[in-house]
Amino acid sequence: MKDFILLMHADTTSPERDADWEAYIGRLIETGSFQGGSSIGQGQAFRKQGDAAPLTRQLTGYIKIQAENLEVARAALAGNPTFESGGTVEIRELVVS
């Protein structure tokens with residue numbers, strides 16, 4: 001199994017409901033793919049020297065899942081409240097080095 005992170009963007013075209021999130025996370029837990037997640041709050045960007053790039057403000061939350069491959073991870077978008085509300089969900093594989 002591979003680890004993937006789903007990054008939710010703040011570009012939905014309709015409101016998300018808390019009850020939808022509860023049902024979605026519950027389904028991921030039942031399938032055994034859910035590995036954690038959280039809303040993303042305020043923060044600040046840093047760089048050792050010079051000016052840091054601006055803070056990425058379009059990310060609102062993340063979910064870590066396990067899946068066989070990207071296609072299986074993509075199937076986990078079904079029911080995701082951000083995705084279902086017309087928003088963007090970015091899926092990235094977490095590469096262990």
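Reply:
**The helix and its surroundings**

Helix α1 is followed by G32, whose phi is positive, near 80 degrees. The model is predicted, so local features need pLDDT of at least 70 and side-chain atom pairs count only at pLDDT 80 or more, while totals for chains, interfaces and linings use all residues. Residues are numbered from 1 along each chain as its sequence is written, and side-chain values use heavy atoms, leaving out hydrogens and water.

Helices (H or I, at least four residues) and strands (E, at least two) are DSSP runs, numbered from the N terminus. Helix α1 covers residues 18–31, which is 14 residues. The expected span of a helix is 1.5 Å times one less than its number of residues. For α1 this gives 20 Å, and the end C-alpha atoms are 20 Å apart, so the two agree.

Because W21 and Y24 are three residues apart in α1, about one helical turn separates them. Y24 is buried, because its relative accessibility is 3%; buried means under 20% relative accessible area, exposed over 50%, and partly exposed in between (1.4 Å probe, protein chains only).

D20 is joined to R17 by a salt bridge between their side chains, 2.8 Å from N to O. The term requires a side-chain nitrogen of Lys or Arg within 4 Å of a carboxyl oxygen of Asp or Glu. R17 counts as exposed because its relative accessibility is 53%, whereas D20, at 28%, is partly exposed.

Next comes the sheet. α1 lies across β1 (2–9), β2 and β3, and runs at about 20 degrees to β3. Contact here means heavy atoms within 4.5 Å; axes are lines fitted to C-alpha atoms, for helices over the stretch in contact, and angles run from 0 to 180 degrees between N-to-C directions. The sheet is open, with four strands in the order β2-β3-β1-β4 and antiparallel pairing. Its edge strands, β2 (34–39) and β4 (89–94), each pair on one side only. Two strands pair if DSSP finds at least two bridges between them. Five bridges join β2 to β3 (residues 59–67), and I63 in β3 is the bridge partner of G37.
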